[in-house]
Each structure stands twice: as structure tokens, then as C-alpha cells.
Amino acid sequence: MGCCDAPGLMPIEEAMEKMLSPIKPIQTTLRLPLADAIGFVLAQDILSPINVPPFDNSAMDGYAIRRADLSQQAILPLAGKSFAGQPFEGEWPAGSCIRIMTGAKIPDGADAVVMQENTEVSDEGIRFLQTDVKPNNNIRPTGDDIRQGDVVLPKGSRLTARDIPMIATLGVSHVEVVRKPRVAFFSTGDELKPLGEPLLDGQIYDSNRYGIKPLIENFGCEPIDLGIVPDCPETLAATFEQAQRLADVVVTSGGVSVGEADYTKDILEQLGEIGFWKLAIKPGKPFAFGQLSSAWFCGLPGNPVSAVLTMYVLVQPMLAKLAGHTQWQAPPMIPAVTHTAFKKSPGRTDYQRGIYRVENGQFVVETTGNQSSGAFRSMSLANCFVILERERGNVAEGETVHIQLFNSTLY
């Protein structure tokens with residue numbers, strides 16, 4: 001333990017290793033229509049069964065020529081037309097050209113396409129204003145984009161809106177994917193009230209589930225919302241039993257600190273085992289990870305910023321591994337110059353909320369203001385985390401820090 005490590009708190013790097021090392025990817029696979037596969041992880045490589053494009057085609061509206069003909073005369077009579085889906089057929093007389101449209105098949109023997117802007121239509125035929133034409137000008141060759149047999153997407157890739165149309169160009173109608181991890185989640189606490197109901201003295205609205213559910217969906221998992229569970233040992237135990245029957249991972253919000261009414265730890269020790277309980281991270285110190293008899297468990301802190309932060313930083317990579325998403329990567333760390341000061345005490349890795357922008361090619365960042373773990377407005381305003389090292393203290397304006405831009409799951 002380093003001189004600045006908080007006693008009894010596990011460094012975040014060690015926690016990540018302990019969470020990821022025992023996780024094995026889900027082995028259940030599904031064969032889905034391509035249109036239904038977005039967000040799933042590929043269970044097999046996508047190999048191209050064809051060349052794309054499958055034939056030489058024109059990149060421009062214009063005229064297909066034999067360059068040798070154009071070198072002898074600047075006006076060529078029109079011999080026919082080639083449209084997309086309606087290629088030129090028949091014999092092509094020497095010393096003539098063929099009208100061709102973008103995407104249309106290149107006629108046999110053509111070695112260039114001259115764009116129509118470089119031509120004029122005359123009584124004698126097509127006058128070419130450009131006579132020095134390079135070989136294969138404006139011709140997209142067979143397999144220019146994808147060659148038959150290419151690995152277009154490797155196993156372990158999560159399918160995006162950019163991938164689906166690419167696969168469709170191959171004529172592939174169905175794909176083999178990994179079943180999405182099922183994540184059951186619930187909030188704990190007598191103080192929590194459902195939205196739309198009046199608050200009584202000492203009560204607050206349960207906002208955490210509304211942050212956890214979209215993150216689960218954006219991570220590529222199936223959410224199972226079990227609602228609000230009161231601080232009752234019997235009810236909590238029954239909910240845990242139900243959750244692990246339904247899901248691969250159980251996520252709770254609240255009940256993982258050290259209060260007298262926090263029963264989660266005792267119940268976990270009865271139903272499974274706890275891997276670790278407290279982390280050297282701020283916000284999010286009371287984060288728990290463990291294993292139930294038939295599911296993994298992640299206990300998020302009750303404060304709303306802490307819940308979303310630990311879900312994003314710690315639970316996201318674990319769920320990616322469970323889903324078989326081998327291409328997942330954490331957002332990179334980028335150096336940035338501070339335009340405001342940041343308060344920090346040594347001892348824990350601090351994830352503060354920041355707003356970055358680029359000025360003269362340099363990333364700059366400023367605080368969103370109130371960094372309390374209960375102040376979610378600062379999270380709503382942010383577009384990055386300012387990650388301050390465990391041993392670091394206060395940061396003055398003008399110092400360099402490292403920021404992590406939010407990935408798509410927070411947008």
C-alpha cells in the first residue's frame with residue numbers, strides 16, 4: 001500500500017482485475033435476422049461470400065471509352081447505354097463510346113470513364129473535352145471495397161448501425177450472435193418514493209433506476225427492473241433470490257454502506273460471497289462486488305452520481321466481457337489544461353465531472369461546479385470525467401490533468 005492509499009480501501013485497478021478475472025463469456029448463441037441483430041455481439045466471424053462491388057462499375061455519370069479510340073479522335077459516336085441494373089449488351093463497335101451512369105457495370109473492353117462534365121453532345125456524337133485520360137479513370141474495380149473471403153467483422157464485435165448495412169451489402173440475411181446478458185436491478189431504502197407520488201417528510205424520489213436502466217441497455221444487455229425494495233431483511237432476501245433466478249447479474253442501488261439499516265451485506269454473505277466492499281474511488285467508495293449462487297452481484301452506492309459513475313467505470317467492462325464483446329475498450333485518457341481549479345484530497349482516485357473543449361488544438365477543461373455525489377446536475381452538464389490520481393492533491397488553474405470523454409453509453 002502506498003503512502004497515499006486510504007487504509008482498507010482497494011485501488012480501482014485491483015478492483016477491476018478482481019471483477020474481470022473470474023468472468024466467463026456467455027456461451028448461448030442465437031441465429032437472428034440481420035434487421036434484429038443491432039446491439040448484439042457476434043458469435044462468429046462475418047466472412048464475405050462475395051466481392052463488393054461484385055463487378056467493375058462506374059464512379060461517375062459519363063461515358064465509357066476505350067482510351068485507344070479517344071487518342072485517335074475527340075468525337076465518338078454513341079453506341080449504347082449502361083444503367084445500374086441494366087448493363088450494356090451486344091457488340092460495341094470500335095471508335096465509339098457508351099453512355100454510363102453511376103454504379104452501372106463497365107462494358108467489356110472499356111478502360112476508363114470520362115465524367116459528363118468533361119464532354120459535350122454534338123451532331124456527330126460525344127465531344128470529349130478531356131483527351132488525356134488515365135487508365136481505369138472513374139472505374140471502381142471488382143472487390144474494391146471487400147474481397148470474397150475477407151473477415152468483414154471479427155467474432156466479439158458488437159453490431160452497430162454502421163455494421164448492419166455493411167453486412168447487408170454481402171447478402172447475409174442472418175447472423176450468429178451471443179445472447180445478451182440479463183441484468184436484474186433494484187433500489188433499496190425506506191426513504192425512496194416512486195415518481196409521480198407526493199413526498200412525505202424524509203423521503204426522496206428514486207432516480208437511480210432511471211440512470212441504471214438506460215446504461216444497461218446502452219451496454220448491450222437486457223434490463224430487468226425489480227423496482228424499489230424496502231429495508232426489510234426478508235423482502236431483500238426474497239428479491240435477491242428472484243433476481244438471480246432471472247438474471248446473469250444482479251445490480252442493487254443503495255444498501256452497501258455501513259448504516260444500521262443496510263442489510264445487503266448480511267444477505268450476500270448468506271446467499272453467496274463478497275469479493276470486495278470498499279474502493280479507493282471518489283465518488284463511489286461503498287461499491288460491492290461478489291457472487292450469488294447463480295449470478296454475479298454488483299452493489300452500487302445510493303448517491304445518484306456514485307451509482308452512475310460506478311456503473312459506467314466498473315460494471316460496464318464486466319458486462320462487456322460477459323457478453324463476449326472482445327472489441328470493447330475503455331475511452332482513452334487525454335491530457336487537458338485546466339481553466340478552473342479542482343479541489344482534491346490525496347487517498348482516492350477522483351472522477352470529477354468536467355466540461356471540455358478544444359482551443360487552438362489543445363484540450364481544455366473546467367469543472368461543472370458542485371462535485372457532491374448527490375448533486376446530479378453536475379453530471380448532466382458534463383461531457384467528460386476529470387480523473388485525478390490517488391496521490392494527487394488540489395489542482396490549480398493552468399495545470400495539466402487527464403480527462404476521459406464520455407463514450408456513447410452516456411449520451
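Which element gives the most to the lining of the second largest pocket? Keep that in mind as you go. The model you have open is predicted.

**Stop 1: the second largest pocket.** Select Ile12, Val313, Tyr351, Ile387 and Gln404, the lining residues that lie nearest its centre. In total, 21 residues line this pocket. Its volume is about 450 Å³. Now colour by element. Two or more lining residues come from each of helix H1 (12–20), H7, strand S25 (349–359), strand S27 (384–388) and strand S28 (400–405). H7 is the answer to the opening question: it gives the most to this lining, with four residues. By type, the lining of the second largest pocket splits into 12 nonpolar, five polar and four charged residues.

**Stop 2: the largest pocket.** Stay on helix H7 (residues 304–322). H7 also gives the most to the lining of the largest pocket, here with three residues. Next, select Arg158, Thr160, His325, Trp328 and Ser408. Of the 22 residues that line the largest pocket, these lie nearest its centre. The space inside is about 520 Å³. The lining of the largest pocket holds eight nonpolar, 11 polar and three charged residues.

**Stop 3: Ala375.** Move to the loop between strand S26 (362–367) and helix H8 (377–381), and select Ala375 there. Is Ala375 buried or exposed? Ala375 is buried, because its relative accessible area is 16%, under the 20% cut-off. Show its contacts next. Beyond neighbours within four places in sequence, Ala375 touches Val305, Arg353 and Asn370. Last, draw a C-alpha to C-alpha distance from Ala375 to Gln203: it is 17 Å, across 172 residues of sequence.

Notes. Residues are numbered from 1 along each chain as its sequence is written. This is a predicted model: local features need pLDDT of at least 70, side-chain atom pairs count only at pLDDT 80 or more; totals for chains, interfaces and linings use all residues. Side-chain values use heavy atoms; hydrogens and water are left out. Buried means under 20% relative accessible area, exposed over 50%, partly exposed in between (1.4 Å probe, protein chains only). Contact means heavy atoms within 4.5 Å. On a 1 Å grid over the protein atoms alone, a cavity is a set of points where a 1.4 Å probe fits but cannot get out, and a pocket is an open set with protein on both sides within 12 Å along at least five of seven lines; lining residues have an atom within 4 Å of a point. Grid points are joined across faces, edges and corners, and a volume is the space filled by probe spheres set on the points. Ala, Val, Leu, Ile, Met, Phe, Trp, Tyr, Cys and Pro count as nonpolar, Asp, Glu, Lys and Arg as charged, and the others, Gly among them, as polar.
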